[in-house]
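Thanks for coming. I will go through one structure today, going from single residues out to the whole chain. Please have a look at it first.

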Amino acid sequence: MSDQNFDLVVLGAGSGGYAAALRASQLGMSVGLIEKNKVGGTCLHVGCIPTKALLHAAEIADAARDSETFGVKATLEGIDIPGVTKYRESIVSSKHRGLQGLIKARGITTIEGEGRLTSPTTVQVGDDTITGKNVILATGSYSRTLPGLEIGGRVITSEQALQLDHVPKKVAVLGGGVIGVEFSSVWRSFGAEVHIIEALPHLVPMEDEAISKLFERAYRKRGIEFTLGKRFQGVTQDDNGVVVTLDDGTTIEADILLVAVGRGPSTAGLGFEEVGVEMDRGFVLTNERLETSIPGLYAVGDIVPGLQLAHRGFQHGIFVAEELAGLGPVVIDDVTVPKVTYSEPEVASVGLTEAKAKEVHGDDAIASYDYNLAGNGKSHILETSGIIKVIRVKDGPVVGVHMIGARVGEQIGEAQLIVNWDAYPEDIAPLLHAHPTQNEALGEAFLALAGKPLHS
Ligand code: FAD
């Protein structure tokens with residue numbers, strides 16, 4: 001039994017927690033970082049990084065399959081899942097070692113074990129009491145399921161999907177959001193038959209409707225099946241596979257069912273409510289400075305209502321550390337958080353959808369332009385199609401940018417600056433975009449919206 005005291009105690013070492021710890025240590029605070037599993041959390045171990053390694057392998061499989069288009073004779077002999085796993089794990093373990101080294105180099109004390117909040121300034125880890133002048137809650141999220149839908153056997157979540165030692169022949173995917181379509185894309189490239197079930201009217205339903213429709217067209221072309229606007233009713237499983245029943249009586253047979261219906265906050269049983277933290281359905285409520293209902297106690301990342309993304313967690317962590325060092329005040333705003341759906345094709349967006357922009361500013365106040373990637377030289381070379389849609393307030397700033405096409409996520413950084421800084425298309429139109437790049441398409445969209453289209 002021992003007592004340890006720090007300027008800052010961080011409960012959970014995922015994207016939000018470790019970013020807070022790294023920034024706070026940089027600012028001269030002593031930091032105790034409590035982690036029950038591995039530093040790096042969901043994103044590094046079972047989220048962003050391993051899935052992107054899978055997608056890269058999938059992209060190579062597609063390139064081999066399509067090589068003749070480019071006059072290259074390559075044959076895809078098959079997918080060696082143990083080989084893919086080795087590649088994926090080497091990336092994760094190398095990033096994990098790097099992060100451990102960084103945490104150590106910054107003088108952060110890592111405390112291994114499951115923590116429980118026992119007062120606004122103390123966390124109990126086994127017999128040890130860890131005290132901080134301030135505490136940040138950063139316990140992350142878990143794969144949610146639906147009432148009556150039990151995970152087990154052939155019904156799996158993204159965590160088990162990463163561990164599969166073979167490519168299933170036929171997969172049913174419950175949920176057409178980011179995680180569902182990401183795995184669908186990989187499995188399709190690896191040769192599986194895929195059927196996505198989405199209760200809302202579109203795949204990637206959080207995106208601008210024009211983008212969702214193009215995404216559906218691209219998935220149809222890839223032979224990915226989907227059922228939209230139908231609800232899951234039940235599933236049975238035996239040695240041969242699963243049978244999923246929908247609310248209209250339709251059944252879908254598959255080898256496995258991936259449940260990708262969102263992520264819930266990992267806050268149950270951790271003492272938050274007992275200490276008096278205001279919560280809503282398991283999420284921790286905060287003000288715009290990420291302070292909970294208890295002064296001096298903060299929350300970051302996926303447990304805070306809103307977008308559940310690693311870079312949002314990083315931003316939260318950095319902001320709270322700076323706030324505690326007197327560098328604030330900071331204001332958190334989800335509207336300018338860039339979002340990428342990693343898939344073939346990729347989707348990237350920032351700011352308002354057209355429907356939302358019209359709701360906020362009025363139908364007549366909004367102008368938008370869809371730049372077709374068919375007009376972009378590099379997209380032709382890469383044999384990719386898609387659009388870049390830019391939404392502005394008439395005679396006003398850009399309020400939304402939405403893209404679909406190969407690797408468009410690499411361009412969302414520029415779009416984020418534009419939306420964040422309330423730039424006008426007229427500000428961006430004269431700026432150069434190197435030729436031939438796909439990024440040029442973004443420049444062309446602004447040229448068009450500023451009334452001087454070049455290649456469109
Ligand atoms: P987490 O990363 O979940 O970290 C929380 C940490 O707290 C964990 O390490 C956990 O072990 C620890 N912990 C929990 N309770 C306790 C306790 N009581 N005591 C001690 N430790 C505790 N986001 C993106 O931006 N881009 C992507 O491409 C992307 N891909 C994803 C793909 C998948 C399949 C999944 C599942 C998620 C993906 N995400 C992606 C989301 C991203 O992983 C999360 O938004 C991010 O990890 C949230 O960070 P966090 O710090 O809030 O929580």
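Glu383 sits in the loop between α11 and β23. Helices (H or I, at least four residues) and strands (E, at least two) are DSSP runs, numbered from the N terminus. The phi of Glu383 is near 55°, a positive value in a residue other than glycine.

Two notes on the source. Residues are numbered from 1 along each chain as its sequence is written. This is a predicted model, in which local features need pLDDT of at least 70 and side-chain atom pairs count only at pLDDT 80 or more, while totals for chains, interfaces and linings use all residues.

Back to phi. Most residues other than glycine have a negative phi, and most peptide bonds are trans. Leu290 also has a positive phi, near 70°, and is not glycine. Is Leu290 buried or exposed? Leu290 is buried, because 26 other C-beta atoms lie within 10 Å. Leu290 is in the loop between β18 (283-284) and β19 (297-299).

Next, the cis peptide bonds. One runs from Glu344 to Pro345, with omega near 5°. Pro345 belongs to the loop between β20 (339-341) and β21 (346-351). Another cis bond joins His435 and Pro436, with omega about -10°. Pro436 lies in the loop between α13 and α14.

That brings us to α14. Of its eleven residues, ten are buried, so the helix is mostly covered. Among the buried ones are Glu440, Leu442, Ala445, Phe446 and Leu449. What do the buried residues of α14 pack against? They pack against β22 (366-372), α11 (377-381), β23 (387-393), α12 (412-420) and α13 (425-428). After the helix comes Gly451, with a positive phi near 90°.

Now the cores. In soluble globular proteins, nonpolar side chains tend to be buried together. A nonpolar core here is a set of buried Ala, Val, Leu, Ile, Met, Phe, Trp, Tyr and Cys residues joined through C-beta atoms within 7 Å. The largest one has 77 residues, and the members that touch the most others are Ala172, Val173, Leu174, Leu257, Leu258 and Ala445. Helix α14 (residues 439-449) gives the most to this core, with seven residues. Ala445, leaving aside neighbours within four places in sequence, is in contact with Tyr369, Tyr371, Ile388 and Val390. Contact means that the C-beta atoms of two residues, placed from the backbone, lie within 7 Å.

There is also a second, separate core of 50 residues, which includes Ala21, Val39, Leu290 and Leu309. Leu290 is touched by Phe319, which also touches Val330 and Ile332, not counting residues up to four places away in sequence. Phe319 is in helix α9 and is buried, with 23 other C-beta atoms within 10 Å. From Phe319 to Arg392 there are 73 residues in sequence and 29 Å in space, C-alpha to C-alpha.

On to the ligand. How many residues surround the ligand? There are 35, and the closest are Gly12, Gly14, Gly41, Gly140 and Gly301. To count, a residue needs its C-beta atom, placed from the backbone, within 6 Å of the molecule. Elements that each supply at least two residues of this shell include α1 (15-26), β2 (31-35) and α9 (310-324).

A record also covers part of the chain. UniProt, in an unreviewed entry, lists residues 6-317 as "domain: FAD/NAD(P)-binding". Such annotations may be inferred rather than shown by experiment, and the positions are in the numbering used here, with feature names shortened. Residues 6-317 are 33% helix and 27% strand, and their end C-alpha atoms are 17 Å apart.

Last, the whole protein. There are 14 helices and 24 strands. The radius of gyration is 23 Å, close to the 23 Å that the globule rule gives for 456 residues, so the protein is as compact as a globular protein of that length. That radius is taken over C-alpha atoms, and the rule is 2.2 Å times the number of residues to the power 0.38. Of the 456 residues, 45% count as buried.

Notes. Buried ≥ 20, exposed ≤ 12 C-beta atoms within 10 Å, placed from the backbone.
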